[in-house]
Amino acid sequence: GQVRGLCGTFNGDQRDDFTTPEGDVEPGVAAFANAFRAAGACPALGPGIPDPCDAFPGSRERARAACAVLMGPAFQ
């Protein structure tokens with residue numbers, strides 16, 4: 001009950017994992033991510049999430065290795 005942010009609430013209820021800093025629960029990923037966006041730091045996400053590997057193809061293997069850690073036993 002003390003975790004909030006981009007990693008969700010970690011309370012076992014997936015319905016509130018997209019809670020914004022203002023306390024609103026967003027129905028979609030783009031609106032949720034945009035709630036954490038620093039003004040002027042990057043463009044707002046549209047309704048479809050772009051594949052970051054398309055913009056940075058040279059980083060694809062490093063990204064896959066980083067995602068493997070997030071999908072691994074430490075975060076299960």
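**Helices, ring pairs and surface of a predicted model**

Trainee: In which helix does Asn34 lie?
Mentor: This is a predicted model, where local features need pLDDT of at least 70, side-chain atom pairs count only at pLDDT 80 or more, and totals for chains, interfaces and linings use all residues. Residues are numbered from 1 along each chain as its sequence is written, and side-chain values use heavy atoms, with hydrogens and water left out. Helices (H or I, at least four residues) and strands (E, at least two) are DSSP runs numbered from the N terminus. On that basis, Asn34 lies in helix 1.

Trainee: Is Asn34 buried, partly exposed or exposed?
Mentor: Buried means under 20% relative accessible area and exposed over 50%, with partly exposed in between (1.4 Å probe, protein chains only). The relative accessibility of Asn34 is 23%, so this residue counts as partly exposed.

Trainee: With which residues is Asn34 in contact, leaving aside its neighbours within four places in sequence?
Mentor: Contact means heavy atoms within 4.5 Å. The C-alpha atoms of Asn34 and Leu45 are separated by 6.4 Å, although the two are 11 residues apart along the chain. With neighbours within four places in sequence set aside, the contacts of Asn34 are Ala44 and Leu45.

Trainee: Which residues does Ala35 touch, not counting those up to four places away in sequence?
Mentor: Ala35 also has its place in helix 1, and at 26% relative accessibility counts as partly exposed. Its C-alpha atom is separated by 9.3 Å from that of Thr19, 16 residues apart along the chain. Not counting residues up to four places away, Ala35 touches Thr20 and Pro21.

Trainee: How many aromatic pairs does a search of the whole structure find?
Mentor: Rings of Phe, Tyr and Trp (its six-membered ring) pair if their centres lie within 6.5 Å; planes under 30 degrees apart count as stacked, over 60 as edge-to-face and the rest as tilted. Over the whole structure, the number of aromatic pairs is two.

Trainee: Why is the pair of Phe18 and Phe32 given its class, and what is that class?
Mentor: The ring centres of Phe18 and Phe32 are 4.8 Å apart and the planes meet at 20°, so the pair is stacked. Phe18 lies in the segment before helix 1 (29–35) and Phe32 in helix 1, so the pair ties together parts that are 14 residues apart in sequence. Phe18 counts as partly exposed at 29% relative accessibility, whereas Phe32 is buried at 5%. The class of the Phe18 and Phe32 pair is stacked.

Trainee: What is the geometry of the pair of Phe32 and Phe36?
Mentor: Phe36 is partly exposed, with 32% relative accessibility. Phe18, Phe32 and Phe36 form one aromatic cluster. For Phe32 and Phe36, the centres are 5.2 Å apart with 70° between the planes, and the pair is edge-to-face.

Trainee: How far apart are the closest N and O atoms of Arg64 and Glu61?
Mentor: Arg64 and Glu61 are three residues apart in helix 3, so about one helical turn separates them. Glu61 is exposed, with a relative accessible area of 55%. In the salt bridge between Arg64 and Glu61, the closest N and O atoms are apart by 3.3 Å.

Trainee: What accessible area do Val69, Leu70, Met71 and Phe75 have together?
Mentor: Patches are made of residues with over 30% relative accessible area and no salt bridge, where like charges are joined within 9 Å and nonpolar side chains (Val, Leu, Ile, Met, Phe, Trp, Tyr) within 5 Å. Accessible areas come from the Shrake-Rupley method with a 1.4 Å probe, and for residues only the protein chains shown count as cover. Leu70 has its place in helix 3 (residues 60–71). The four residues form a nonpolar surface patch of about 460 Å².

Trainee: Which element has the lowest mean pLDDT?
Mentor: pLDDT is the predictor's confidence in each residue, from 0 to 100. The protein has a mean of 80, and 89% of its residues reach 70 or more. Helix 3 has the highest mean among the elements, 87, and the lowest, 73, belongs to helix 2 (residues 52–55).

Technical notes: Salt bridge = Lys/Arg side-chain N within 4 Å of Asp/Glu carboxyl O.
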